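User: Got a model here that I'd like to go through. Can you take some quick questions?
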Amino acid sequence: MDAADLSQDLSEVLHTREAIDQRLVELAAQIDSDYAGRDLLLVGVLNGAVMVMADLSRSLKSHCTMDWMAISSYGSGTKSSGVVRILKDLTTDISGKHVLIVEDILDTGLTLSYLVHNLKSREPASIEVMTMFRKPEAATTDVDVKYVGFDIPNKFVIGYGLDYAGRYRNLRDVGVLSPHVYE
């Protein structure tokens with residue numbers, strides 16, 4: 001699905017599929033360089049990071065392993081609920097491993113801060129964060145993010161894994177959801 005298919009639901013397109021693909025290639029090259037000679041475990045955060053994780057892993061030139069967590073502070077609305085819950089934990093023991101958390105979006109930072117703290121307690125060799133999108137204006141919790149795809153405005157965005165009530169994840173572009181859809 002492309003932005004043209006949803007023009008009535010979008011108030012603007014922030015990043016096209018082509019721009020996202022190009023940025024992922026750049027990030028993958030940096031990650032390959034930073035982790036050269038080391039085994040890397042990508043930890044994707046479900047459900048939003050599915051698209052990012054798939055495309056990032058295919059853009060890497062080096063081997064990596066993958067695991068998934070489901071962690072949430074969102075309900076079906078447009079604002080964080082403030083309560084973080086682990087819905088699905090890792091199946092991999094990360095002790096002594098180089099871990100790269102792969103996220104779709106960094107909004108308030110609450111969920112990601114909790115996740116980083118939780119994973120650090122499992123004694124990995126290293127832990128870093130990659131997020132495809134970051135809203136600097138929305139941050140309420142400081143989270144150290146090594147790899148950022150794009151900084152975006154503090155608006156409700158959809159596409160490329162980002163959803164509203166489970167919809168729009170399969171939109172290839174990223175755009176701002178029109179308020180008439182959720183008000």
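User: Which backbone oxygen lies 2.9 Å from a polar atom of the side chain of S57?
Analyst: That of M53. The S57 side chain also reaches the backbone oxygen of A54, at 3.0 Å. Polar contacts are N or O pairs within 3.5 Å, within protein one able to donate a hydrogen and the other to accept it; residues adjacent in sequence count only if both atoms are side-chain atoms. This is a predicted model: local features need pLDDT of at least 70, side-chain atom pairs count only at pLDDT 80 or more, and totals for chains, interfaces and linings use all residues. Residues are numbered from 1 along each chain as its sequence is written, and side-chain values use heavy atoms, without hydrogens and water.

User: Is S57 buried or exposed?
Analyst: Buried, because its relative accessibility is 14%. The cut-offs are under 20% for buried, over 50% for exposed, partly exposed in between (1.4 Å probe, protein chains only).

User: What does S57 touch beyond its neighbours within four places in sequence?
Analyst: L42, C64 and M66. Contact means heavy atoms within 4.5 Å.

User: New topic. How many salt bridges?
Analyst: The count is 9, taking a Lys or Arg side-chain nitrogen within 4 Å of an Asp or Glu carboxyl oxygen. One of them joins R58 and D55, with the closest N and O atoms 2.4 Å apart. Another pairs D89 with R122 at 3.0 Å, N to O.

User: How many residues apart are D89 and R122?
Analyst: 33, so the pair links distant parts of the chain. D89 is partly exposed at 35% relative accessibility, and R122 is partly exposed at 23%.

How values were computed
Helices (H or I, at least four residues) and strands (E, at least two) are DSSP runs, numbered from the N terminus.
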